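Colleague: Please take me through how to read a pocket and the chain around it.

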Amino acid sequence: MNIIRIFLESSLAAQIIMSVLSIFSIWSWSIFFKKLYDFARIKKLSKRFFDSYRFHRTVKEWDNLGNLLNDNPYGRILRSGIEGYRKLKKSLQRAVPVSAPEEGQSDAHASSLESLSDNIKLCMERTKIEEMKQLEASLPVLSTIVSVSPFLGLLGTVWGVMVAFLDIRTRGSAHITIVAPGISDALITTVYGLIVAIPALLFFNIFRSRVNNFESELTKFIHEIFIQLREKLLLNSEH
């Protein structure tokens, strides 16, 4: 089967539909390779981050991670947590001379401190949202291609069948040479639509699953960092 010959021998309407579907196909494959590269890069940089992170336990040591705090999602989340922690620590230090907890008010102070420490978590959650936006970029395009491609193929099918029936009515004959062009257009556009939609659907499901898994990993990491920073904050407030 010569696809180019089929394309050239199709009607103008079928050629337009096949051209649009071809663009969709190239677009979806380019997204697929781009996303593969992005996830591989994130995996490599994240592994390098954790190889160093596991040996650093204090805020000062985390600061020494250098570029590892900037070139991967985990590092950027950790950096935002450190920034939130330091801002909160400074504001508490400024407030202590004025509102130092008196005896009997320590429980209220600790409760207030715990509430304020949620700001650290919010800082990291905001960074996570930005990271997820980047990871999810282009997924709506894939989803649209998955949804639209079969309908474009169906449009070509309906158009081809309609042309076949119009030819029968115009020429007064249902000979195969009269209906064949319309039926051919009807079938080939459906095939094009499915050829585009099926891989795009696979790509979308693969990357949707990866994004969901990655989001869960980031959430666990935020929880881990938040617990450590909150403990450090509470310890500092007692001194």
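Modeller: The model is predicted, so local features need pLDDT of at least 70 and side-chain atom pairs pLDDT 80 or more, while totals for chains, interfaces and linings use all residues. Residues are numbered from 1 along each chain as its sequence is written, and side-chain values use heavy atoms, leaving out hydrogens and water.

Colleague: How many helices and strands are there in the protein chain?

Modeller: Helices (H or I, at least four residues) and strands (E, at least two) are DSSP runs, numbered from the N terminus. The protein chain has 7 helices and 0 strands.

Colleague: What share of the residues in the protein chain is buried?

Modeller: Buried means under 20% relative accessible area with a 1.4 Å probe, protein chains only. Here that applies to 36% of the 239 residues. For contacts (heavy atoms within 4.5 Å) between residues at least 6 apart in sequence, 81% join residues at least 24 apart.

Colleague: What volume does the second largest pocket have, and which residues lie nearest its centre?

Modeller: A pocket is an open set of points on a 1 Å grid over the protein atoms alone, where a 1.4 Å probe fits, with protein on both sides within 12 Å along at least five of seven lines; lining residues have an atom within 4 Å of a point. Points are joined across faces, edges and corners, and volume is the space filled by probe spheres set on them. The second largest pocket has a volume of about 220 Å³. Of its 15 lining residues, Asp38, Arg41, Ile42, Gln134 and Leu135 lie nearest the centre.

Colleague: Which element gives the largest share of that lining?

Modeller: H2, with 6 residues.

Key. Buried < 20%, exposed > 50% of the residue type's maximum accessible area, 1.4 Å probe, protein only.
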